[in-house]
Every structure is written in C-alpha cells, then in structure tokens.
Amino acid sequence: MSEWKKTQCNMCEVSCGLEMAVENNKIVSVRPDPDSPRSDNYCCRKGRAAKYYQDNKERLNHPLKRVGDAYVPISWAQANKEIGEKARAIIDEHGPRSFGLIGGTLASSQSAQAMFYGLLGGVGSQFLFNPVGVEFMGSWWSNGRIYGDQVRAQDPDEHITDVLLLWGCNTYVTHNMGSARKVIRHMSESPDKKVIVIDPRLTESARMADMHVAPRVGTDALLMKTMIALILEKGWQDQAFLDKWCRDFDEIKPWFKDVDIKKNLEVCQVPYEQVEAFTRILCTSNWAVHQDLGLFCGRHSTLNSYLVLTLAVITGAMLVPGNNIVAEPYLMSKQSDEYDPKTWRTKDNRFPVTGVYPSGSLANQILNDDDDRLRVMFCSMSNPARSFPNSKKMRKALSSLELFVVDDICMTETTRLADYVMPATSGYEGHDFNFFQENFPHTVCQLKRPIVQPEGERKESTEIWLDIADAMGIMPKLPKKLYNKAEQAVKENDRIPYTLELLKLLAFNKKYMDMAPMIVGKTLGKAMGSVAKSMMFAGLITSPIMGTGKVERAGIKAGNKHPVLKRLPLIKDLCVMDEVFQQVLDKPQGLIIATNDIEDVDGYIREHIRHKDKKFHLYCDEIDGYIKHITPEKERAELDQYPMVLSAGRHTDVGVNTVMKNPATYKYRKPFTAIINPEDAKAMDIKDGETIKLVTKAGEALVEAECTYQASKGYTMIPQHFGLLFGGKVRGVGANEFTSDEDRDALTGNPLIRFTPCRIEKVEAR
Ligand SMILES: Nc1nc2c(c(=O)[nH]1)N[C@H]1C(S)=C(S)[C@@H](COP(=O)(O)OP(=O)(O)OC[C@H]3O[C@@H](n4cnc5c(=O)[nH]c(N)nc54)[C@H](O)[C@@H]3O)O[C@H]1N2
Ligand SMILES: Nc1nc2c(c(=O)[nH]1)N[C@H]1C(S)=C(S)[C@@H](COP(=O)(O)OP(=O)(O)OC[C@H]3O[C@@H](n4cnc5c(=O)[nH]c(N)nc54)[C@H](O)[C@@H]3O)O[C@H]1N2
Ligand code: SF4
Ligand SMILES: [Mo]
C-alpha cells in the first residue's frame with residue numbers, strides 16, 4: 001500500500017507543493033498538492049517525473065576517493081580527515097586565494113549556501129562561482145545600479161497585471177514562473193488582459209500570445225533604445241512618477257537623442273506599427289515582465305537588463321503592485337561593490353555580483369602558472385563541467401586542481417573529475433528549503449522533510465560541508481553551555497533561550513560572525529538531527545521580513561512563551577520568528593509567513609529602493625560609455641558577420657538542466673536535434689533528419705538536423721540537457737562543448753550562451 005506524503009518539488013525554483021505516493025521507500029506517483037499555498041494545485045511534467053530523479057543507477061551511496069583511475073569507497077571519518085588536512089596544508093602554503101567554491105545551492109534547495117559562506121569566511125576567501133555567474137550577472141548588477149539592491153530581483157506581479165511580457169524566455173515550456181501554464185492560459189483567454197512575447201522564434205509561448213514581437217536575434221538593446229526614444233519623442237513617459245521617484249531622468253535623455261527610429265527598426269526587423277503599438281501599451285497599462293536567458297545570455301546581456309528596468313521606471317511600472325515588483329530575498333546572497341578596493345578581482349579583472357564571480361573566469365583562475373591560482377575547490381549541487389562555458393577547458397581546469405571535492409546525488413560529468421565524491425541526500429530524503437517563494441503580495445515558506453529514507457551513507461549537503469569545515473579546523477571552540485541550550489531547545493521545543501545564548505557569544509566574539517550559520521549547525525542542527533533544518537531557523541531569525549509587520553499581517557503572532565521578554569523589541573521580533581519556525585514545522589504543506597501591504601504603494605516603493613535618497617538612479621557612467629555604441633550601423637555590421645548563430649542550450653520540457661538524467665523521461669521523444677529554419681536548410685541543401693556538422697570556435701560535433709519553423713532564420717538551437725552520461729552511454733552533445741569562455745558581456749562578464757556564432761556544414765555521404 002502506498003502512502004501520500006506532502007513535499008515540495010526539488011526541480012526548479014518555482015518549488016511547487018507536491019504530494020508523492022511512497023511505497024516500499026520508493027516514490028511511485030506524484031500529484032500537485034491542493035493544500036499548497038505556493039502553487040495552487042499546480043505541477044509540471046518535471047515535477048511528476050520525480051521517481052526517475054530519485055531512483056536511478058547513477059545515485060551515489062558512499063563517500064568515494066579517487067585511487068588511480070578508479071573510485072574506492074571510504075568512511076566519512078576518513079574522507080573528512082583527509083580532505084581537512086589536505087585543504088588546510090595547501091591553503092596555509094598558498095593563501096586564501098588558492099581556495100574557492102562552486103555551487104552551494106540548487107534553485108529549490110538552499111540550506112547548504114549558508115555553509116559555503118561560512119567556509120569562505122573561515123578561510124578568508126571570496127571566490128564563489130555558481131549559476132548566477134552564467135545567468136544573472138548583468139541583471140543583478142543592473143538592479144544594484146537602478147534601485148540599489150542586487151539581491152532583490154525584479155519579478156512580474158503576474159497574478160493581477162493587465163499585460164504580461166515574456167521577454168527572451170519560453171515560459172509556457174520552461175515554467176520559470178509560478179503556475180506558468182495556468183497564468184499564461186488565463187491571461188491569453190481574458191479579453192481584457194494581454195500576453196506579449198518578445199522572441200525571435202515562434203515559440204510555444206508566442207503561440208499563446210496576443211502579440212508576438214519577433215526581433216532579429218541579438219537586437220533587443222537596439223529595440224529598447226528605440227522604444228525609449230519613441231516614448232520621449234511622443235512625451236508618453238509617466239512624468240509624475242519620474243518627478244517623484246527618479247533622481248536623474250534628464251541625465252539619460254541624451255542616450256535617446258537623435259535616434260533614427262525607422263532605421264533602427266530595419267536592423268531589428270520589426271515593423272514600426274507593431275513597435276508603436278507595443279510601446280503605447282506599456283505607457284498606458286499596468287505591465288509586468290518576465291525575462292530570462294534570451295536576454296540575460298544574449299548579446300548586450302547587461303544593457304538588455306538595464307534597459308528593461310529603465311522602461312519600467314519611465315512608464316511608472318517599477319515597484320508598483322500589479323506591475324514589476326521585487327522578490328523578498330530567497331538566496332542568502334551578498335551585495336557586491338566592484339569599486340571597493342577590498343573586493344577581489346579575478347586574473348582577467350572580473351568582479352563579483354552578489355558575491356558570485358563570472359563562470360567564464362573560473363578556468364583561467366585555475367589554469368595559469370603563477371602562484372596566484374585556485375588550487376583547492378569544493379563543489380556542491382552543481383555540474384560546472386557541463387554548465388559553465390567551454391566544457392573542454394573546464395574539464396582540463398577542474399582535473400588539474402590539487403584538491404577537488406564534489407557532493408552530488410549522482411555520478412556526474414563533474415564528480416568524475418573529483419578527488420573525493422560525497423553522496424548527498426536528495427530533497428526528498430533530507431530536509432531543505434527554498435528561502436522564500438514569492439506569491440506576491442505574500443511570501444510562502446515550506447520545509448522539505450524526508451518522505452523516503454536515504455539509502456547507503458548519504459548525508460544532507462549542509463552537514464557534509466559543516467563536517468568538512470570542522471575537519472579543516474576553521475570552526476571556533478564553542479562553550480559547552482551553547483550545546484546544552486541546543487539540547488534544551490529541542491527537548492522543550494523552545495529556541496529562544498538558545499538564541500539568547502548564541503547572541504551573547506556573537507556579541508563578545510565579533511570575529512565569529514562569518515561562521516554564525518556553522519555555529520548554529522554544529523549546536524542546534526546536530527541537536528535537531530538536521531543541520532539543514534537549523535539553517536531554516538537561522539535564516540528566519542535574521543530575515544529581512546523580521547520586524548517589518550509583514551509577518552503579523554500574514555496572521556502570525558508570537559506565542560505566550562516569553563511574556564516578559566516580549567516587552568523588549570528585539571526579543572519580541574525573535575519570538576515572532578520563532579513562532580514562524582514552529583508553524584513551518586507544523587505545516588508540511590508550507591504556509592504564508594509574510595504579506596506586503598499593497599495599499600501603501602509609496603511605502604512599498606520606499607522600502608525597496610535601497611539608495612539612500614529613495615530614488616531610482618537611471619544614469620551611470622558604465623552604461624553612458626556603452627550605450628552610445630549601440631547604433632544601427634554598428635549593430636548591422638556586427639550582426640552581418642554572423643550569418644548563423646547557435647543558441648547553446650534551449651531549455652526543453654524533458655529535462656531540467658542536467659538534473660534529470662534518466663532517458664526514461666523522454667523514451668518516446670527524439671529530443672536531441674539541432675533545430676534549423678526550413679528556409680536556411682533549403683539554402684544549405686540540408687534535409688530533415690540528416691546528420692550535419694555544427695562548428696564553433698570552441699568545438700565541433702555531428703548532430704541531427706530537424707527542420708522546423710520553431711527555429712528562426714539564421715538561428716539554430718540545441719537542447720541544454722544532453723551529452724549526459726547515464727548507464728555508461730552518452731546521448732547527444734553537451735551544449736557547452738560549443739561555447740567559448742571568451743564570448744562574454746563586456747560590462748559584467750555574463751557568458752553569451754544564447755549568441756554563439758557558428759557554422760553548419762553538410763556532411764557528405766560516405
Ligand atoms: N523544462 C525545463 N524547465 C526549466 C529548465 C529546464 O532545463 N527545463 N531550466 C530552468 C532554468 S535554470 C532556467 S534559467 C529557465 C530558462 O528558461 P527560458 O529562458 O524560458 O529558456 P530558454 O529555452 O533558454 O528560452 C530562451 C528564449 O529566448 C529566445 N531568444 C534567444 N535569443 C534571443 C534574443 O536575442 N532576443 C530575444 N528576445 N529572445 C531570444 C529563445 O528563442 C528562447 O525561446 O528555465 C527553468 N525551467
Ligand atoms: N550552454 C549552456 N550552459 C548553461 C545553460 C544553457 O542554457 N546553455 N543554462 C545555464 C543555467 S540557466 C543554469 S541555472 C545552470 C545550471 O547549472 P548547475 O546548477 O551547475 O547544473 P545543474 O544541471 O542544475 O546541476 C545541478 C547538480 O545538482 C545535482 N543535484 C540534484 N539534486 C540534488 C540534491 O538534492 N542535492 C545535491 N547535493 N545535488 C543535487 C544534480 O545531479 C546536478 O549534478 O546551467 C547554465 N549553463
Ligand atoms: S514548475 Fe518547477 S517546481 Fe513546479 S513541478 Fe515543475 S519543475 Fe517542479
Ligand atoms: Mo537557470
């Protein structure tokens with residue numbers, strides 16, 4: 001007999017609430033959880049495929065050590081001791097710049113990130129690399145410039161907006177927005193609402209849209225520059241909003257002066273009438289935009305994001321409910337200031353955004369001969385040998401490290417390069433969480449807990465890295481009293497006395513601050529039986545929602561456990577957050593833990609603009625120096641150099657990056673093809689199903705051609721999920737076999753994996 005258990009999907013950041021039927025410790029069936037406050041009884045194909053992810057022949061069960069070309073199982077104690085000693089010795093000899101981290105979080109499971117920050121703090125290193133450095137460098141840097149906060153990302157308020165833009169993303173397929181298909185269908189069917197898709201291709205999302213704007217690939221920046229010029233020419237900007245909330249609107253006007261609108265649009269290949277209608281809609285409606293890889297990883301990556309935000313501010317659609325809002329922080333990230341002399345640079349002079357360095361800088365930081373190079377790296381929940389640009393170079397770099405330790409649930413392209421491989425529990429076998437999820441105006445919080453028991457010696461990633469940090473000797477010696485209070489907290493189900501003891505310790509030892517999550521993990525986490533679970537508590541009692549009134553607005557009040565302490569404001573807030581934690585523990589389906597006051601629009605704007613003057617800053621020198629080069633002549637000349645461009649890795653519905661490896665999930669589909677526009681194919685005399693050679697400056701491989709109008713002219717695409725080794729067999733070619741770590745955005749170094757110049761060669765029949 002199977003039993004239905006509540007959990008949260010571990011596949012993507014949307015984190016839908018799910019119910020899974022478990023039989024003999026195996027997941028046998030999946031359905032959306034009707035009680036989930038997060039996902040409104042919604043679930044996609046990837047979530048339903050959980051059993052293929054959970055049980056497959058690549059799962060890891062024991063710590064492994066590389067001996068020659070083979071891996072041998074060793075005990076946790078031996079693994080920790082050897083890793084701790086080796087790492088310590090290398091870092092002591094070569095200094096903290098020899099140490100760096102990769103990953104540390106899945107979009108859906110983030111507790112281990114806290115340990116990664118502790119490891120960096122303990123060693124004194126700043127080198128963190130993860131998918132932020134593939135996707136968000138330009139976008140999050142722009143957030144920092146325009147509203148003063150890199151961490152709180154722009155999001156659409158899709159549930160009540162009138163116009164939803166899907167810009168450079170195929171959300172109907174990729175579900176990179178909550179309840180994606182439901183929302184798009186609803187908007188598409190409502191006569192008073194509109195979906196507008198801006199994508200060169202006729203995607204599944206574009207088919208649902210009221211308007212499909214199909215610019216030439218790589219011309220979004222020119223298109224947006226033209227739209228803003230049109231707004232200024234017509235006087236359509238929201239002047240009252242700008243007067244109230246913008247510091248420097250007049251200073252950016254020169255960027256859009258003397259723009260030849262018709263000439264620009266010829267390069268973008270979009271009709272004037274459509275652009276005028278599109279622009280007018282943005283100036284007269286509530287609108288919200290979801291943007292993703294087509295913009296973030298496309299040509300002019302950073303400028304694209306900057307101009308989307310600029311459009312939102314100019315039309316009065318930024319930080320206004322029903323338009324574009326910001327997510328409460330869900331990643332435990334940091335703000336980065338590249339002009340602070342204490343901020344490290346890479347050898348190629350790149351800087352971090354939210355504490356993360358560009359992925360394309362990693363290989364060069366390892367592969368060089370001088371003393372300033374990365375020698376020890378730990379990697380968690382990431383597959384950089386597949387997901388960072390230029391796989392060939394990445395393999396060489398990672399395998400040349402003096403010590404490379406990886407945790408994963410499976411044997412992957414990256415674990416195969418490691419000296420030690422650590423077996424982790426999946427999100428269905430351990431505790432974890434996505435901190436938090438935006439259901440604007442609400443914030444939802446859910447704790448994943450084991451619904452199946454882990455096999456072998458798997459451990460939660462959070463605990464794996466805590467134990468390694470301990471073995472490296474970077475944890476301070478903690479007072480016995482803190483351990484006792486932790487035990488007492490669990491016994492009495494009251495964490496306040498423990499928290500006060502912890503605060504006392506930190507107040508007298510400021511240098512422990514960097515290690516605070518690890519201190520909680522080692523005391524409260526070990527006492528609770530899950531370090532990850534204690535990270536949720538640590539996150540809540542330091543959360544930016546604390547003390548804002550949002551928790552109380554969501555209906556959560558402090559219990560009566562500490563009536564005396566409640567008079568002290570700090571303690572009162574802690575008691576409220578402790579109550580939040582208790583309620584999260586009590587509700588496996590998750591709950592709403594904070595609610596914004598959307599009636600108070602001015603208050604909302606003021607809260608989320610983090611510049612001191614509480615104004616949007618639209619002018620910055622970096623963009624001033626860049627945007628003047630975006631002219632129709634230069635754009636056309638550069639684009640014409642590349643008659644064929646490759647999108648290295650469209651995200652299709654049979655995979656989630658490289659997380660879903662089991663081919664059983666696409667048994668009756670033929671997913672690994674390069675899609676080519678039929679007119680291009682005809683011109684090259686290529687037939688559907690024919691084998692072609694795809695060539696870029698980084699690599700070449702034979703692939704099967706699929707001729708379809710899903711591809712736009714001059715733009716071929718391969719999927720992101722292939723080239724994965726499963727059961728001894730590789731299917732297809734990995735997308736980053738074709739990408740170069742040199743093709744990067746000039747401003748922030750984001751890789752341009754959606755714009756890889758390529759050549760298609762006919763393979764003569766032998
Ligand atoms: N099924 C599935 N879902 C996923 C994932 C997955 O792997 N599989 N991955 C998850 C993750 S991590 C992410 S980041 C998201 C990614 O989600 P998406 O960004 O929606 O995924 P892509 O397939 O890369 O879609 C990018 C779109 O941009 C378009 N595009 C390319 N060049 C340009 C351009 O120059 N201008 C414009 N305007 N558009 C352009 C492409 O034609 C394509 O349709 O999906 C998430 N959801
Ligand atoms: N060329 C090209 N490159 C790309 C992209 C592209 O479209 N084209 N997409 C980019 C994008 S948007 C992203 S987000 C990145 C993703 O890049 P990564 O995050 O590096 O890669 P994923 O494929 O998501 O791999 C996550 C790893 O975590 C493991 N894992 C899964 N669940 C768990 C768990 O519960 N615990 C632990 N410990 N491990 C787990 C999986 O087995 C997998 O090896 O790739 C980027 N790279
Ligand atoms: S949308 Fe994301 S979280 Fe929801 S079921 Fe699909 S993969 Fe899972
Ligand atoms: Mo992503």
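In the predicted model, an oxygen atom of ligand 2 is placed 3.2 Å from an N or O atom in the side chain of Asn10, a polar contact being a pair of N or O atoms within 3.5 Å (within protein, one must be able to donate a hydrogen and the other to accept it, and residues adjacent in sequence count only if both atoms are side-chain atoms). A polar side-chain atom of Ser382 lies 2.6 Å from an oxygen atom of ligand 2, and an N or O atom in the side chain of Asp407 is 3.5 Å from a nitrogen atom of the ligand. Taken alone, ligand 2 exposes 920 Å², of which the protein buries 95%; accessible areas come from the Shrake-Rupley method with a 1.4 Å probe, and for residues only the protein chains shown count as cover.

The model is a predicted one, in which local features need pLDDT of at least 70 and side-chain atom pairs count only at pLDDT 80 or more, whereas totals for chains, interfaces and linings use all residues. Residues are numbered from 1 along each chain as its sequence is written, chains are lettered from A and ligands numbered from 1 in the order in which they are written, and side-chain values use heavy atoms, with hydrogens and water left out.

Ligand 2 is surrounded by 32 residues, the closest being Ser382, Ser387, Asp408, Ala648 and Thr658; a residue is near a molecule or strand if one of its heavy atoms lies within 4 Å of it. The elements that give two or more residues to this shell are α5 (132-135), β15 (403-408) and β20 (645-650), where helices (H or I, at least four residues) and strands (E, at least two) are DSSP runs numbered from the N terminus. By class, the shell has 12 nonpolar, 15 polar and five charged residues. Here Ala, Val, Leu, Ile, Met, Phe, Trp, Tyr, Cys and Pro count as nonpolar, Asp, Glu, Lys and Arg as charged, and the others, Gly among them, as polar.

Around ligand 1 there are 31 residues, and Glu135, Thr174, Asp199, Asp220 and Gly655 are the closest. Nitrogen atoms of ligand 1 take part in several polar contacts: one is 2.9 Å from an N or O atom in the side chain of Lys46, one is 3.0 Å from a polar backbone atom of Ile198, and one is 3.2 Å from a polar side-chain atom of Tyr715. The protein covers 94% of the 920 Å² of accessible area that ligand 1 has on its own. Two or more residues of the shell come from each of α7 (171-174), α15 (293-296) and β24 (715-719). The shell comprises 10 nonpolar, 12 polar and nine charged residues.

Four strands form an open sheet in the order β11-β10-β9-β12, with parallel pairing; two strands pair if DSSP finds at least two bridges between them. Its edge strands, β11 (211-213) and β12 (287-291), each pair on one side only. On average, neighbouring strands of this sheet are turned by 20° against each other, direction ignored. Strands β9 (163-167) and β10 (194-198) are joined in the parallel sense over five bridges, with Val163 opposite Lys194 in β10. Helix α16 (301-314) lies across β9 and β12 and runs at about 170° to β12. Contact here means heavy atoms within 4.5 Å; axes are lines fitted to C-alpha atoms, for helices over the stretch in contact, and angles run from 0 to 180 degrees between N-to-C directions.

Elsewhere, β4 (64-67) and β5 (70-73) run antiparallel and are joined by four bridges, Lys65 standing opposite Val72 in β5.
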